[in-house]
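The sequence and structure come first, followed by notes grouped by topic.

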Amino acid sequence: GSALLSTLSLGITVVDAWCWETNEECSELVETHFPVKRMGDFRSTPPETVADLIKKQPADVQILLTAAPPCPSYSRILSATAKGRQDPEGHKFQEFVDWWIQIEKITGRQRTLLENVVPNNTGDKVHFMQQHQCSATVVDAADYRTISRPRIWYHRFEWPKKVSIDN
C-alpha cells in the first residue's frame, strides 16, 4: 500500500493497479486505499502475461510496477541472522527482480519503484542497484501514515527533494 501512496506523492496518477501479494492482511490493507486487481503470487504469473497487460495500455501511459517483496531476511532488526538474498525467503526478492527484468525486456518500458526494508547488509543494496541499474533512496513510510519504519526504494527516476501526500 505504501508504494501506491508513494506514486501519488510523486505526482503520478494511478489509473490501474495489479497487486501480486500472498498475504491476505496486506491485500486487505491495500484494498482499503485503492481498487486493485489481485494477482496472487508473482511466481505463478509468467512475465509474458504481465507484458501483454502492459502492451494493452496506451503508449502515453506510464507503467509503474511496484513491489514490496518479503523483507524479514533483509531486516536490520534481525541483525546478524538476516541473510538477505542468501536466505530462501529473502531469495524471493532476487526472483522478483529477475522476473521484473524479463517484463521490462519484453515491453521496453522501464519505470521502477521497488520497496523493501533497509537491508542489514549493504552488499544486498548494492547488488540490486547494480543488477537493476537503479538508484536507492531511504524514506520513512510513516510519512504516509501506513507503517512506521524506514524503507528503501529502488528507482529509475529523479527522486524529488520533498514529497507529500494530501489526505
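There are six salt bridges in the structure, which is a predicted model. Three of these pairs are described below, among them Glu 24 with Arg 38, Glu 31 with Arg 38 and Arg 85 with Asp 124. The number of disulfides is zero.

**The pair Arg 85 and Asp 124**

- Arg 85 and Asp 124 form a salt bridge in which the closest N and O atoms are 2.5 Å apart.
- Arg 85 is partly exposed, at 22% relative accessibility.
- Asp 124 has a relative accessible area of 4% and is therefore buried, the cut-off for buried being under 20%.

**Salt bridges at Arg 38**

- Glu 24 is one partner of Arg 38, and the closest N and O atoms of this salt bridge are 3.0 Å apart.
- Because Glu 24 lies in helix 2 (residues 24-33) and Arg 38 in strand 2 (residues 37-38), the pair ties together parts that are 14 residues apart in sequence.
- Glu 31 also meets Arg 38 through its side chain, in a salt bridge with an N to O distance of 2.9 Å.
- Through shared partners, the salt bridges join Glu 24, Glu 31 and Arg 38 into one network.

**Accessibility within the network**

- Glu 24 counts as partly exposed, with a relative accessibility of 40%.
- Arg 38, the partner of Glu 24 and Glu 31, is partly exposed at 39% relative accessibility.
- Glu 31 has a relative accessible area of 35%, which makes this residue partly exposed.

**Cysteines**

- A disulfide is a covalent bond between the sulfur atoms of two cysteines.
- The structure holds zero disulfides, and a pair of cysteine sulfur atoms would have to lie within 2.5 Å to count as one.
- Cys 19 has a relative accessible area of 14% and is buried.
- Cys 134 is likewise buried, at 11% relative accessibility.

Note on methods
Residues are numbered from 1 along each chain as its sequence is written. This is a predicted model: local features need pLDDT of at least 70, side-chain atom pairs count only at pLDDT 80 or more; totals for chains, interfaces and linings use all residues. Side-chain values use heavy atoms; hydrogens and water are left out. Buried means under 20% relative accessible area, exposed over 50%, partly exposed in between (1.4 Å probe, protein chains only). A salt bridge is a side-chain nitrogen of Lys or Arg within 4 Å of a carboxyl oxygen of Asp or Glu. Helices (H or I, at least four residues) and strands (E, at least two) are DSSP runs, numbered from the N terminus.
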